[in-house]
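Please look over the side-chain contacts of the protein shown here. The report takes ring pairs, charges over rings, salt bridges and a surface patch in turn.

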Amino acid sequence: MISKKTGPQADGASPEQLFKMAFNQQHQFLALISPEGRVLEINQMALNMQGAEREDYIGQLLWDAPAWKQLPEWKAIWQQRFQQAVSQRTAVITEDIYHIAGVPHYADAVTTALYASDDSRLLVGYIVQASDITERRLAENRDLAIQERLNFVLEQSRTGSWDLNLVDNTAYRSPQHDQIFGYNTPLPQWTYDMFIEHVIPEDRPDVEQKFQQAVETKGDWDFECRIKRHDGEIRWIWGSGSHQLDHSGRAVNMAGIVQDITKRKQFETDNQHYAAELNSLFQALPDIYFQISSDGTILNVHAHNQHELYREPSYFLGKTMQEVLPPKIGQLFEDKLAELERTHVMQVFTYALTIKGELRYYDARLNQMSIDHKLVCVVRDITDITRTEKELYHLAHHDALTGLPNRLLLNEYIDHAIKRAKRQNSLIAVIFFDLDNFKIINDSYGHIVGDLLLKETASRLLGCVREQDSVSRISGDEFILLLEDINYPDNLTQLIEKLLKTFQQEFVLADHTASVTASIGISLYPHDGQDSTELLRNADAAMYRAKNNGRNTYQFYEEDMTNSALEHIFFKTSLQQAIDKDEFHLNYQPQIRLHDNALIGMEVLIRWNHPSEGNIPPGKFIPFAEESNLIIQIGEWVLRTACFQAKKWLDSGIEFGRIAVNVAGPQIKRGNLVDTIKTVLAETGLPARYLEIEVTESYVMQDADRAVEQLNEIKALGITLAIDDFGTGYSSLSYLKKLPIHKLKIDGSFIRDIPVDTDDMAISKAVIALGASLGLTVIAEGVETAEQARFLSHAGCDEVQGYLYSRPIDTGAIEQYLTEPKNSLHPVHP
Ligand SMILES: Nc1nc2c(ncn2[C@@H]2O[C@H](COP(=O)(O)O[C@H]3[C@@H](O)[C@H](n4cnc5c(=O)[nH]c(N)nc54)O[C@@H]3COP(=O)(O)O)[C@@H](O)[C@H]2O)c(=O)[nH]1
C-alpha cells in the first residue's frame, strides 16, 4: 500500500513506489485481479467510488466485493468478461450500473487481460479500470426523458419535428414528420428539396420565399401550404423553424416542427362558408337581427336593408332593447325575456311603432343561443302583410257595395252586444229592414240603378241611427240595424217610424226617380232570442209578416211567426238544392175542346219530390221561388224538359195537341224570356206551334207596356199565348185589347162553386163573353163536375181542364192516356 514518505525519502522514491503512487492517485477505479478473479490490489479512487474499505476487496473474489455481491448475476458477468478479454486478447469495454446504498451509479469499465510479457501466453491476471460517469449518465437520462416527453407531446399533437443541417442540406426528422408526408416507414433521407417537391406548385413560391428570407435574416421560418403526400392525398400543413448559429454566428442549423392542419383548414373553410351563407341569409331575409348578451346589451345588429333600422347600426350597440324601444314595447320585451328565461321556449310577439308619423307593425322572435347563452332577437317588418290582412279582414267583414258590415261582422257585433246587455241588464233590438220593391227597380232600371238605390238606402239608414248603433247589409236588399241600450221600447217605435218616414222621400237614382218602401221586422234581446242566429231569424220572420201585412210597415216578432219563418228559411235553402240535385219532374193535365171533347193539348205542371219532405205542391214553393228569383232557373228547366218530351212524342207519332207551359212574372220581368224560348226551341227542335205559354194576369198588368213588348215577340215566333188565372187581376179592358194573346183562362176559383154561387157563374159568363168579343179562345180550369162542364158549354166556353177529365199525371201515365184506343178523345193538330 502507499505510505506517506516525508523529507529526502520522498524525493528519492523508487519507480515501484512512483507506480504505486500513480496507481493510487489515478482518477478512476483501478483494480488488479488474479487469474482466478481475486482482488490483488485496488486504488484509493476505487474505494472512494465504492465508499468501501480496502479490507472489503483485497483477497475477495471480485463478484463477492461489496459493489457486486448483492447481485448473484455479477459472478457470471465478470467471468464472461475475463474469458472474453483472454479469448480476444483485447480490452472489454462495458458500461456498468451498480448500486451503492441503493443509489444507482454508472461507470465505463475496461477489463484487460495481463500476460507475463507481450508475446507470452502466461496469464498473470486482469486489470479492471472504471470511470464514474454517473453524473453524465444522469444528465443524459434527464435529457432523454425530456426528449421522450417532447416526442410524446409531438406525437399526440400530430406534430412532426425536423432538424435541417444548412451546410449539407440533410435533415433529421421525427417519425411523425414522415407520417405527415404520407410515409408510414421513415425515409432514410430527407432534404429541403425533397420537402419542396411535396409542396403543391401553387404554394411553392410563397414557402420558398419565406424560407430564403428566414435564412437571410437568420430569423424564423413560418409557413402554411398544401402538400401532395406520398399517397397522393392533398393536405394542408403548417410549419415553423428557428435558426441555430455556430460560435462564429454562422447559421448552421434550422430546427422546427410541422403539423397537419387539414382539419383546421377544413373547419376554417366551413366557417367561412357558414359565415358567407349567414351573410347571404342576412341579405336575403327581410329581417333585422339583434344579437344580445345575456345581460341584455345589444352586441350586434344586422339589417337586410339599413333603412329599416331608421338609425345607424352603431346607435344600437351597447344599449339595451328596452333603451332603444318606447317604454311600453320595452316592457313587453322585458316580459318576454323573463318568460324565455323561465320556459326556455322561443318567444314570439308582435308590436306596432309609429315611425316618422307612420304606424308600422313588427313581428319579433326572441330566442337564446345554446352555446354561450347570448340572445337573438329577429325582428321582421310586417306592416305590408298586416295592412293586407286588415284589408282582407275588412273585405271579408264588409259589404263591397255599401261599405257596411256584412253578416259575418254583424254576428260578432250581436254577440258583443248580447254580452254588454247581459252585464248592463239592457235590451237590444235587431231590426230587419227589407226594401219592398227593390227587385222591380233592379230588373226594370238595371243593376247600376239598383246599386245606387242600395247605397242611398245605406246612407239613409245610417242617418237614422245613433253612433253606438250599427247598420249592416246581409244580402240583396236586406239590411240589419242593431240598436243597443234600448231601455224604452216606445223610443224604438219612434225610431222605426222615423225610418219609414225617411223612405217616404223619393229616391233620385241617376236619371230615374223611384218611390221605395220597406218592410221592417224587429226582434228584441233577451225576449225573442238568446243568440245572433235566433234574433236574426225572428227579426226575419217579423219582417216577412210585415210584408204579408201589405208592406211599408213594421212588425215586432211574435212567437207564432216562427213556423212561417222556418218555412221561409227552408225554401230559401232547399230550392237551390232541388235544382242542383234534379228533384223536380213534370206532370201533364189534358185540355179538352168542349163541343167535341177533342184533346187540344195539356198543361205542364211541375212537381217536387223532396228527399225527406216528400211531394211539395207548387202552390207552396213557387211563391218562394219567385221571391228568390230561382224561378228563372226552374222555369227554364220546365220549358226545356217539356219541349224535349213533346218533341219525343212528335217523333214517335203520339198526338198531344199543344203543351201549355206556365211562365212566372220574374221570367218576364227579367227581360230575356224571348231569348230563352228561342234557345230551347232550337235545342229541342220542337216547332213553335206546339208550344203555348201561360202568363198570369196579375204579372202582365204590373208592367203592361213591358209585357206587351215581350208577348208580341213571343207571338211572332208562332207560339200561342194564354192569360192564366183570368179574373183575379185588375185587367183594364184598354190593356186587354192591346195584349197579343190568343186565350183567356178562367181561374178555377170561379168554377169551383158552380152551380151554387151565382156570382161566380155571372163572372164566368162575363169572361166568356169578353173573350168572344175580343176574338179570344176561353178555357176554364178546375172543372170537376159534369154540371160545371154543361154550364160552361152553354155559356159558350171553348175549352176545359179539370179532374172531370183527368188529374195532372206523370209522363208514363199521360203517354198511356194519349195512346189508349178506348179513350174517346181525339187530339186536334195545332
Ligand atoms: N210558374 C210556374 N207555375 C207553375 C208550374 N207548375 C205549376 N205551377 C203553378 O202552381 C200552382 C199550383 O199548381 P198545381 O198544384 O199543379 O195545381 C194545378 C192543378 O193541379 C190544379 N187543378 C187542375 N184541375 C183541377 C181540379 O179539377 N180541381 C182542383 N182543385 N185543382 C185542379 O190547378 C192548378 C193549375 O193551375 P193553373 O196554372 O192556374 O192552371 C198553379 O198556380 C200553377 O200555375 C210551373 O211549371 N211554372
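What follows describes side-chain contacts in a predicted model.

## Aromatic pairs

The count of aromatic pairs comes to 37. One of them joins phenylalanine 570 and phenylalanine 571, with ring centres 5.2 Å apart and planes at 70 degrees, so this pair is edge-to-face. The two residues fall into separate accessibility classes: phenylalanine 570 is partly exposed, at a relative accessible area of 25%, while phenylalanine 571, at 3%, is buried.

Phenylalanine 584 and tryptophan 608 also pair, and here the geometry is tilted, with 5.8 Å from centre to centre and 55 degrees between the planes. Because phenylalanine 584 lies in strand 23 (residues 584-593) and tryptophan 608 in strand 24 (residues 598-610), the pair ties together parts that are 24 residues apart in sequence. Phenylalanine 584 counts as buried at 8% relative accessibility, and tryptophan 608 counts as buried at 1%.

Ring pairs also build a cluster, whose members are Trp162, Phe181, Trp190, Tyr192, Phe195, Phe211, Trp221 and Phe223.

## Charges over rings

## Salt bridges between separate parts of the chain

Side chains of opposite charge can pair when their charged atoms come close. The structure holds 38 salt bridges. In one of these, arginine 264 and glutamate 224 meet through their side chains, at 3.0 Å from N to O. Arginine 264 belongs to helix 9 and glutamate 224 to strand 8 (residues 221-228), so this bridge ties together parts that are 40 residues apart in sequence. Arginine 264 is partly exposed at 36% relative accessibility, and glutamate 224 is partly exposed at 29%.

Aspartate 436 and lysine 547 form another salt bridge, in which the closest N and O atoms are 2.9 Å apart. This pair links distant parts of the chain, 111 residues apart: aspartate 436 is in the loop between strand 16 (428-435) and helix 15 (438-445), and lysine 547 is in helix 18 (residues 532-548). Both partners are buried, since aspartate 436 has a relative accessibility of 10% and lysine 547 has a relative accessible area of 15%, values that lie under the 20% cut-off.

## A further bridge and a network

Aspartate 469 bridges to arginine 466, with 2.8 Å between the closest N and O atoms. In this pair, aspartate 469 is buried at 9% relative accessibility, whereas arginine 466 is partly exposed at 33%.

Some salt bridges share partners, and in this way Glu95, Arg136, Arg137 and Glu140 are joined into one network.

## Nonpolar surface patch

Tyr274, Leu278 and Leu281 make a nonpolar surface patch of about 280 Å². Tyrosine 274 lies in helix 9, which spans residues 262-284. The relative accessibility of tyrosine 274 is 51%, so this residue counts as exposed, the cut-off being over 50%. Helix 9 is also the element that holds arginine 264, the partner of glutamate 224.

Terms used
Residues are numbered from 1 along each chain as its sequence is written. This is a predicted model: local features need pLDDT of at least 70, side-chain atom pairs count only at pLDDT 80 or more; totals for chains, interfaces and linings use all residues. Side-chain values use heavy atoms; hydrogens and water are left out. Patches are made of residues with over 30% relative accessible area and no salt bridge: like charges are joined within 9 Å, nonpolar side chains (Val, Leu, Ile, Met, Phe, Trp, Tyr) within 5 Å. Accessible areas come from the Shrake-Rupley method with a 1.4 Å probe; for residues, only the protein chains shown count as cover. A salt bridge is a side-chain nitrogen of Lys or Arg within 4 Å of a carboxyl oxygen of Asp or Glu. Helices (H or I, at least four residues) and strands (E, at least two) are DSSP runs, numbered from the N terminus. Buried means under 20% relative accessible area, exposed over 50%, partly exposed in between (1.4 Å probe, protein chains only). Rings of Phe, Tyr and Trp (its six-membered ring) pair if their centres lie within 6.5 Å; planes under 30 degrees apart count as stacked, over 60 as edge-to-face and the rest as tilted.
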